[in-house]
Amino acid sequence: MRCENVDFIGVPVDLGVKELGLKLGPDAFREAGLFAVARQRGLCFRDIGNIDLPASVSCSASAEYLRTSAHNVGLIADYCERLSRVVADSVERERTPVCLGGDHSLAIGCLAGVALAGCRAGCLWIDAHPDANTPETSPSGNVHGMPVAIITGFGPSLLVNIGKPGPKVDVKNICLLGVHDIDPGEADFVNHHRIRMFTLFDVIEQGLANTVRECLRTVTDQTDGVHVSLDLDSLHETVAPGVGLPSPYGFNMREAAYICHQIASHCRVVSIDLVGLNPVLDHNLQTARRGIELLMTLLGYPFSFR
């Protein structure tokens, strides 16, 4: 199913992780030819521009920050609150917001906006990591490793209650795909809340087609549509060198394109975030171009630079 009207939203946030370069991601996608490709394929789109980072944190956010070991909670909350309103406006206009990151903490604001617009979305989380830590279990305190817990209602209240109070995705409607680097606290969280998770080993054992079919069944069960959260570190290091933790275990382009094609063919995609691109680490915009190819496939407009 094609997404007929799309809003590209630049989200140059790097507050959720200690990694220089992630804030350059949105502009790197533009430089790599995102809009030229979108026009060539006939996509009706708007460039909303980049959402600027907050210069300071609110008093209430400062108080919350003092009560948690997670880093930059106040700044991330203020930023994601602003992002949620932009995303909600896009969804209410019956457009598809695409958030270009940036670190994975932006998914908190994106899904808050989808929920604020009254859309009950399932979430397909394609990532090398479950991102299901809480401040109590996180080895680093970085919020980019916590969004799955936060969007399902667990973590700092300031982040959980962005947009509107409470969870933004029901635990029974979220599915993690491609995971292979799991912290002990994340494993406990996923098991305790019975969140569907398919590691790369599960994909090998069950087959990619069967795994994707189960994922889509989970995220579409009694939902209005699907939010797709695609972290480029889920790809093999030869495909995506421009990420913080390039992996020899990730998906190749054939596998990733198949996943995106199946989502586009069988789901109503209501929103997307594309995260993890670090242009400082990339090779001649290679990772940015692979990200654009997968994004266009998700939107129903397949394209290849090659």
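Q: What makes F189 count as buried or exposed in this predicted model?
A: The relative accessibility of F189 is 8%. Buried means under 20%, so F189 counts as buried.

Q: Why is F154 called partly exposed?
A: F154 has a relative accessible area of 32%. Buried would need a value under 20% and exposed a value over 50%, so 32% puts F154 in between, as partly exposed.

Q: Why is the aromatic pair of F154 and F189 called edge-to-face?
A: The two ring centres are 5.5 Å apart, and the planes stand at 80°. Centres within 6.5 Å make a pair, and planes over 60 degrees apart count as edge-to-face, so F154 and F189 form an edge-to-face pair.

Q: What parts does the pair of F154 and F189 tie together?
A: F154 lies in the loop between α6 (147-151) and α7 (157-160), while F189 lies in helix α8 (residues 184-192). The pair therefore ties together parts that are 35 residues apart in sequence.

Q: How many aromatic pairs does the rule give?
A: The count comes to five. One of the pairs is F35 with F45, whose centres are 5.4 Å apart and whose planes are at 20°. Planes under 30 degrees apart count as stacked, so this pair is stacked.

Q: Where do F35 and F45 lie?
A: F35 is in helix α2 (residues 34-40) and F45 in strand β2 (residues 44-50), so their pair ties together parts that are ten residues apart in sequence. Ring pairs also link F8, F35 and F45 into a cluster.

Q: Are F35 and F45 buried or exposed?
A: F35 has a relative accessible area of 13% and F45 has 19%. The limit for buried is under 20%, so F35 is buried, and F45 is buried too.

Q: What makes R2 a charge over the ring of Y301?
A: R2 lies over the face of Y301, at 4.0 Å from the ring centre. The distance must be within 6 Å, and the charge within 35 degrees of the ring normal. R289 likewise lies over the face of F305, at 5.7 Å from the ring centre.

Q: Which residues line the largest cavity, and what is their class?
A: The lining consists of I108, A112, I150, I151, L159, V160, I162 and K168. By class, seven are nonpolar, none polar and one charged. Lys counts as charged, so K168 is the charged one. Helices α5 (106-116), α6 and α7 each supply at least two residues of this lining.

Key
Residues are numbered from 1 along each chain as its sequence is written. This is a predicted model: local features need pLDDT of at least 70, side-chain atom pairs count only at pLDDT 80 or more; totals for chains, interfaces and linings use all residues. Side-chain values use heavy atoms; hydrogens and water are left out. Rings of Phe, Tyr and Trp (its six-membered ring) pair if their centres lie within 6.5 Å; planes under 30 degrees apart count as stacked, over 60 as edge-to-face and the rest as tilted. Helices (H or I, at least four residues) and strands (E, at least two) are DSSP runs, numbered from the N terminus. Buried means under 20% relative accessible area, exposed over 50%, partly exposed in between (1.4 Å probe, protein chains only). On a 1 Å grid over the protein atoms alone, a cavity is a set of points where a 1.4 Å probe fits but cannot get out, and a pocket is an open set with protein on both sides within 12 Å along at least five of seven lines; lining residues have an atom within 4 Å of a point.
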